[in-house]
Amino acid sequence: MYKVASPSEYLVITGVGIEDIRLAKKGWILPGQSYIIFDMSPVNYTFEVQAMSSEKLPFMLPAVFTIGPRIDDMPSLHKYAKLISRHDKLSTHVKELVQGIIEGETRVLAASMTMEEVFKGTKEFKQEVFGKVQLELNQFGLLIYNANVKQLVDVPGHEYFSYLGQKTQMEAANQAKVDVAEARKKGEIGSKEREGLTLQNASKIDAETKIYATRRVGEGRMAEIKVKAEVKVYENVREAEVAEANAELAKKKAGWAKEAQVAEVEAAKAVALRDAELQKEVERMNALTITEKLKAEFLSKASVEYETKVQEANWELYIKQKAAEAILYQREKEAEAQKAIAEAELYARQQVADGEFYAKKKEAEGLMALGQAQGAYLRTLLDAVGGNYAAMRDFMMIKSGMFQEIAKINAEAVRGLQPKISIWTNGGGEGGDGGHGAMKEVAEVYKMLPPLFKTVHEQTGMLPPAWMGTLSDSHSTNSALN
């Protein structure tokens with residue numbers, strides 16, 4: 001059978017005549033050989049890797065990796081054919097393999113970096129992950145054709161990036177307020193300066209106009225006085241008018257000088273008043289600017305303190321959760337160990353009980369077999385003596401040595417008694433007649449009591465009751481009851 005693979009595929013042939021495997025684009029499949037065809041097209045794997053920075057801040061790292069066989073390296077293709085080719089590239093097995101490698105390397109790298117380093121150095125972080133993951137994939141004959149790390153995402157319950165964005169927005173808003181206030185201050189100050197300069201120039205022009213008009217009037221008066229003075233030579237009558245004109249002129253000159261001085265003072269005072277008003281406005285705007293700046297600083301500081309306390313609270317909660325989980329895991333393991341020990345003890349006891357039961361059973365079976373054999377022997381013996389039970393019993397007692405044992409026991413019993421023989425005499429009692437026969441019998445019975453009590457006392461150590469009498473302390477053969 002002749003097989004041809006497509007441009008993006010390879011034949012993997014093994015079997016008779018092939019030591020390991022053989023990769024080919026086409027070839028004959030001989031009897032005793034098997035083959036599979038695997039596709040070399042790369043596949044996109046999308047993951048959301050959850051990692052934690054060196055500050056113990058968790059985050060989500062969405063990533064897309066384009067991974068496929070290394071087509072330009074035959075040893076790598078052999079590894080891929082042996083390890084991966086039997087599985088579908090989109091199967092759970094391959095995806096979990098790739099995901100495990102990526103997650104492990106990403107977490108190890110993220111644990112050695114701060115959140116700021118991960119966020120600012122996204123490109124370097126991507127290259128570092130790319131290189132470490134590629135080293136692990138080399139052992140499977142896989143190659144990363146493309147890796148795209150998306151924007152970092154907050155883990156639910158840990159909104160670090162959200163708070164960071166809010167902080168940036170708040171700083172931008174506060175800076176914008178400060179810039180607007182600064183521009184407004186410059187505009188108002190410039191406007192007031194332009195108005196003040198306009199008023200100053202107007203006052204200056206008015207003053208110069210008045211001075212020029214007064215000067216022109218004075219010059220006219222001087223010309224008139226000059227004419228009058230020349231005519232005075234000819235008109236003495238006009239002398240008084242000339243003097244009066246001179247006095248009037250001096251008076252008007254004084255008035256004009258006074259008015260000029262008053263105008264100059266008023267202009268200076270107006271300028272000073274306007275300058276004070278503008279200075280007051282500038283100070284007010286400065287106070288507003290300082291107030292806004294302090295508000296922005298206090299707000300930023302409060303936001304940072306809030307974020308710090310939230311992170312500390314989350315970290316304490318995380319530690320307590322891990323401690324509770326560790327205690328629970330330890331207790332579960334202890335319970336499992338106790339359960340295993342109990343099961344082992346129960347099994348041991350069952351084995352011991354089974355052994356004892358088996359021993360008792362065998363012992364009972366042995367006794368039963370012995371009893372059956374002895375019964376058969378006794379029946380045979382009984383038949384041999386013609387059914388005489390007494391003869392069979394005597395034979396068995398003689399055979400077992402029972403008669404010898406009885407004799408030995410009786411001898412031991414007599415040996416321990418050590419009997420004593422006492423002889424008692426009571427004076428004969430001769431010459432009695434038949435009238436005292438009944439009392440004589442009573443006397444004989446009474447005479448038997450002392451030796452009886454003496455024998456009981458010697459054998460057992462017991463004494464008769466006091467109302468019957470007492471034995472004497474002497475050991476003579478002639479004792480009597482007192």
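**Salt bridges and sheet architecture**

Arg274 and Glu277 form a salt bridge in which the closest N and O atoms are 2.6 Å apart (a salt bridge being a side-chain nitrogen of Lys or Arg within 4 Å of a carboxyl oxygen of Asp or Glu). The model is predicted, with local features requiring pLDDT of at least 70, side-chain atom pairs counted only at pLDDT 80 or more, and totals for chains, interfaces and linings using all residues. Residues are numbered from 1 along each chain as its sequence is written, and side-chain values use heavy atoms, with hydrogens and water left out.

Arg274 and Glu277 are 3 residues apart in helix α6, about one helical turn (helices are DSSP runs of H or I with at least four residues, strands runs of E with at least two, numbered from the N terminus). A salt bridge also joins the side chains of Glu195 and Arg274 (3.5 Å, N to O). Because Glu195 belongs to helix α5 (residues 160-232) and Arg274 to helix α6 (residues 239-384), this pair ties together parts 79 residues apart in sequence. Arg274 is partly exposed, at a relative accessible area of 24% (buried means under 20%, exposed over 50%, partly exposed in between; 1.4 Å probe, protein chains only).

An open sheet is formed by 3 strands in the order β3-β2-β5, with antiparallel pairing (two strands pair if DSSP finds at least two bridges between them). β3 (22-24) and β5 (33-39) stand at the edges with a single partner strand each, so one side of each lacks a neighbour in the sheet. Strand β2 (residues 9-15) is joined to β5 by 7 bridges, and Tyr10 stands opposite Phe38 in β5.
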